[in-house]
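Okay, thanks everyone, I'll keep this short. Let me put the thing on the screen and then walk through a few spots in it.

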Amino acid sequence: MSRRFFGGFPGMDMPGMGMDNEPVDTSKLYKQLGVEKDASKSEIKKAYFKLARAYHPDRQTGDEEKFKEIQRAYEILSDEHKRAVYDRSGEKGLDNNMGSPNASELKRPEDIELFLDLTLKDVCLGAKHKLSYEIRTASRQTVCEKCHGRGMTLGGVEIRPGLVIRAPRQCISCNGKGTNYKDEKEMKVRKEALIPKGVKSGDKIKLSGDGHNLPGMEPGNVVIHCRVAKDAYFERIGADLAIKKQLTLNEALCGFKFEVRHPSGTKLIIESGKNKIIKPGTLKRIDGWGLPQKGAYDNLGNLYVKFDVSFPTEEKFGESQRRSLLAVLKGLKFPQEEVSTISLGMGVHVKLVNVLGNGNFEGKSGRIISEGKQRGRWHVQLSDGKKVAVPEKCLKILHKKNKRKAKKAARAAEKRAADLDRDVSEPRLEKDSLEDEVVYMTKVDGSPKHTPTAAKSGHYAFDDEEDEEDGASNGPECQHM
């Protein structure tokens, strides 16, 4: 079966579609200067001056018309962009307003991406870093001989057996660009980059015009991506710095003095105030010893110091030491012990409040009968026996005031204070043995091993999974609110 070639789709060969086959003269100007189409800039310049001297109107051998032709040819071929347009579209392309473009009309090569690792010292002082990278260069831009600058070629495409059409395809010689570069090569470049103060990870520094340098294109750029390494001693928080300092108990109570080497290189001497006590977790600020802000180097952050206090490794000391220390500590004021508060959980007495849409339950009280929330609600058994599932925001914990227990706790505190003053050799009076019990503490190393709620003996053995299933099936049936 013979194959039939169609002329393509309607409009494919129309002017402006880039696929018209009208021959274009792109060699006339080269012939006028007497050079080859692949001549370099210096060869074109040399040929022009030679002909200009020969045909200058002031010379006996001069020819004004010939001189004007030579001038025009040199004006076009010495300009990279005009030469590229001429090589692609001839003088017709130049006449159609396709002369030298503005800088914004020129394409730019892709950026060269570099990554630079910095330290806090670089951030604090700024830095100069040596860079090494490769750029692409070429002597001149030439029109692709295969597609004649169109970037597309016509080829046969078989859409079904026996039916082939002419369709445009990207030129494989120039990858659709329409141009190639003569003497294209990669060149090693070494440059020194100035890193401003205050940079942070993720900041980009652009070196304009220091990238690829190709004819017919704007010089490319180099983009530096900053990566500030984490410091072993300082933590960076914006323009602030933070450190942790551990003090001994005697330093915390009696004063301290230590040195810090700032990222700028300055040695900072930090002292406690006179007769000042440092508590565990105390946070102090040293103004102006952080980092400079980018773009406003005179604005400096602060240095924060968070203190921790370590206790002696010994677990006991002598009686005379104890009495001496107690004499000092008794003259100091200490914060009151925080009152323990109860939170929602099994058996907690609660009151229902702000129950929207269920006014009958407003103000009623009961006890929680579940270990935790289920689907965001607590199961509560009310005083009248009803069971309801209530959102946490609708529950208020009821605290019973027990004055007797409060008085008992106060007496126990007084007794502990009296025991501190008592000589250890004095006999302890046994009184109220049913209420008071002397207990002894054991040091725990590492994580505590907790005691299970049930003994794993024959009679009391439980299957956890069955227990959970029973709880799920036999749990309280509650009215949701």
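Predicted model: local features only at pLDDT ≥ 70, side-chain atom pairs only at ≥ 80, totals over all residues.

Where does Asn221 lie? In the loop between β9, residues 204-207, and β10, residues 222-228. And is Asn221 buried or exposed? Its relative accessibility is 7%, and buried means under 20%, so Asn221 counts as buried. If you leave out residues up to four places away in sequence, Asn221 touches Lys206, Leu207, Ser208, Gly209 and Gly211, along with Arg108, Asp111 and Ile112.

Okay, over to the helices. Look at α2, residues 41-55, and α3, residues 64-77: their axes come within 10 Å and cross at roughly 165 degrees. Angles over 145 count as roughly antiparallel, so that's what we call α2 relative to α3. As for handedness, the α2 and α3 crossing is left-handed. Who's actually meeting whom there? On the α2 side you've got Ile44, Lys45, Tyr48, Leu51, Ala52 and Tyr55, and they meet Lys66, Phe67, Ile70, Gln71, Tyr74 and Leu77 in α3. Sort the residues of that contact by type and you get 9 nonpolar, 1 polar and 2 charged.

Next up, a couple of backbone angles. Asp183 isn't a glycine, yet its phi is positive, near 55 degrees. Asp183 is in the loop between β7, residues 179-182, and β8, residues 185-195. With a relative accessible area of 51%, Asp183 is over the 50% cut-off and therefore exposed. Then there's Asn275, again not a glycine, with a positive phi of about 55 degrees. You'll find Asn275 in the loop between β14, residues 267-271, and β15, residues 283-286. Asn275 is exposed too, with a relative accessible area of 74%.

Last stop, Pro280, which is also in the loop between β14 and β15. Pro280 has a relative accessible area of 56%, so we call it exposed. What does Pro280 touch, not counting residues up to four places away in sequence? That would be Phe307, Asp308 and Val309.

Notes. Residues numbered from 1 in each chain as written. Heavy atoms only, no water. Helix = DSSP H or I, 4+ residues; strand = E, 2+ residues; numbered from the N terminus. Buried < 20%, exposed > 50% of the residue type's maximum accessible area, 1.4 Å probe, protein only. Contact = heavy atoms within 4.5 Å. Axes fitted to C-alpha atoms, helices over the stretch in contact; angles between N-to-C directions. Parallel < 35°, antiparallel > 145°, perpendicular 65-115°, else oblique. Left-handed = near helix turned anticlockwise from the far one by under 90°. Nonpolar A, V, L, I, M, F, W, Y, C, P; charged D, E, K, R; others polar.
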